[in-house]
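Please open the model in a viewer and keep the sequence panel beside it. The stops below say what to select and what is there.

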Amino acid sequence: MPRLTSAERERAIGRLEAGDTPEAEAATFQCHISTIYRLLQRFVITGSTADVERSGRPRVTTPRQDRHIFRSHVAHPFTTAAETARTVIGTHQAPISRQTASRRLRFRGLRNCRPARGPVLIVRHRQARLHWAQGHLNWNNVR
């Protein structure tokens, strides 16, 4: 359910003070009646309809940056989250982490590409593989 905007909250309080019922306001703004009751209670206690501060760490990216992360991965689906994180500057003028980029993609239903990891092959290893493959070129698995 969407939140009420500040203008809608002010309008609801004004109409409640004018004599409308909370049930009518809930129907007008298409929200639950408990939303109107909590709004009225907050207005009586604080004298304001403004949102209160909430605990928790502030987000590092803005919604606009989240959209940029999403669109860049739709355009280039094989980029890693680390590569995307290097291109996005967070709200505190610091680059965001790989985990943050990955979380933003997961929230929008995308999965980030993970780089392929494998054993490091030196020249001797590659030559041994080639020698083995050439030795077994005409080899049949007939029993």
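In which loop does Gln 30 lie? Select Gln 30: the loop between helix 2 and helix 3 holds this residue. Helices here are DSSP runs of H or I with at least four residues, and strands are runs of E with at least two, numbered from the N terminus. Gln 30 is not a glycine, although its phi is positive, about 50 degrees. Because its relative accessible area is 69%, Gln 30 is exposed. Exposed means over 50% relative accessible area, buried under 20%, and partly exposed in between, with a 1.4 Å probe and protein chains only.

Before moving on, note that this is a predicted model, in which local features need pLDDT of at least 70 and side-chain atom pairs count only at pLDDT 80 or more, while totals for chains, interfaces and linings use all residues. Residues are numbered from 1 along each chain as its sequence is written, and side-chain values use heavy atoms, with hydrogens and water left out.

**The largest core**

Select Leu 4, Ala 12, Ile 13, Leu 16, Ala 26, Phe 29, Cys 31, Ile 36 and Leu 39: these nine residues form the largest nonpolar core. Such a core is a set of buried Ala, Val, Leu, Ile, Met, Phe, Trp, Tyr and Cys residues joined through side-chain atoms within 4.5 Å. At least two of its residues come from each of helix 1 (6–18), helix 2 (22–29) and helix 3 (33–46). Helix 1 gives the largest share, three residues. Apart from this core lies another, of seven residues, including Ile 69, Ala 85, Ile 96 and Ala 101.

Next, pick Phe 29. Contact means heavy atoms within 4.5 Å. Beyond its neighbours within four places in sequence, Phe 29 is in contact with Leu 4, Glu 8, Arg 11 and Ala 12.

Arg 9 is placed in helix 1. It counts as buried because its relative accessible area is 11%. With residues up to four places away in sequence not counted, Arg 9 touches Leu 4, Leu 39, Arg 42, Thr 49, Ala 50 and Asp 51.

Now follow helix 3, which has 14 residues and reaches 20 Å from its first C-alpha to its last, close to the 20 Å expected at 1.5 Å a residue. The expected span is 1.5 Å times one less than the number of residues. After helix 3 comes Gly 47, with a positive phi near 80 degrees.

**Residues 66–138**

Select residues 66–138, which the unreviewed UniProt entry annotates as "domain: Transposase Tc1-like". The end C-alpha atoms of this span lie 55 Å apart, and the span is 55% helix and 0% strand.

Asp 66 is in helix 4. At 14% relative accessibility, Asp 66 is buried. Not counting residues up to four places away in sequence, Asp 66 touches Arg 59, Thr 61, Arg 104 and Arg 108.

Thr 80 sits in the loop between helix 4 (63–75) and helix 5 (81–87). Is Thr 80 buried or exposed? With 12% relative accessibility, Thr 80 counts as buried. Leaving aside neighbours within four places in sequence, Thr 80 is in contact with His 73, Cys 113 and Pro 115.

Finish at helix 7 (residues 123–135), whose 13 residues reach 18 Å from first C-alpha to last, close to the 18 Å expected at 1.5 Å a residue.

Terms used: UniProt positions are given in the numbering used here, feature names are shortened, and annotations may be inferred rather than shown by experiment.
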